[in-house]
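Trainee: I have a model open and would like to learn how to read its packing. Could you take me through it?

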Amino acid sequence: PTASVIPKTSDFLLTFEKEAKDVVSIWKEVFDLEPKRRLALLFVCNDIIQKARKTAPQFAEFWKPILPGCMKQIYETRKSENVKQVRKMLKIWRDRKVFDSIFTRKAMTLIGLDLSQSRKRRRSSKPSTPGLPGARSVRKLNHPIVRKLAT
């Protein structure tokens, strides 16, 4: 259960639309306590933000202040898969205008992503879709969050 856990977890968390602030707060707690699951948690965050762009934009607004720092923490592990996935996610957010350009530029600068190079490579022949090969550690990802939300 790897890639399939992410949409299931995000769909579950989206049912707490009215408690978006609490969901993001708990997500951050789990992010800080579970370094090995940070990339998987970022995938869950990405899935929620993209699914809820029109129906529950408050999720993105609550994540916006903490995401650059979280991405930097993942990026600083220097694990090639983590670096690759964080870069890819930021480029997707930029291309799909998930966040405003100021936020995207700030996040890219924070991790040291060269904006001029990333713009040149943006027009590849392959469609840009969020892959999940780095989500191997997703097993039972939703348990800490579900337990906290259930209390």
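Trainee: Which residues touch the most other members of the largest nonpolar core?

Mentor: In soluble globular proteins, nonpolar side chains tend to be buried together. A nonpolar core here is a set of buried Ala, Val, Leu, Ile, Met, Phe, Trp, Tyr and Cys residues joined through side-chain atoms within 4.5 Å; buried is under 20% relative accessible area, exposed over 50%, partly exposed in between (1.4 Å probe, protein chains only). In this case the core has 40 residues, and F59, W63, L67 and W93 touch the most other members. The largest share, eight residues, is from α3. Helices are DSSP runs (H or I, at least four residues), numbered from the N terminus.

Mentor: Before you go on, this is a predicted model: local features need pLDDT of at least 70, side-chain atom pairs count only at pLDDT 80 or more, and totals for chains, interfaces and linings use all residues. Residues are numbered from 1 along each chain as its sequence is written, and side-chain values use heavy atoms, with hydrogens and water left out.

Trainee: What is W93 in contact with, leaving aside neighbours within four places in sequence?

Mentor: Contact means heavy atoms within 4.5 Å. For W93, that gives N46, Q50, L67, M71, V98, F99 and F103.

Trainee: Which residues of α7 are buried?

Mentor: F103, T104, A107 and M108.

Key
Helix = DSSP H or I, 4+ residues; strand = E, 2+ residues; numbered from the N terminus.
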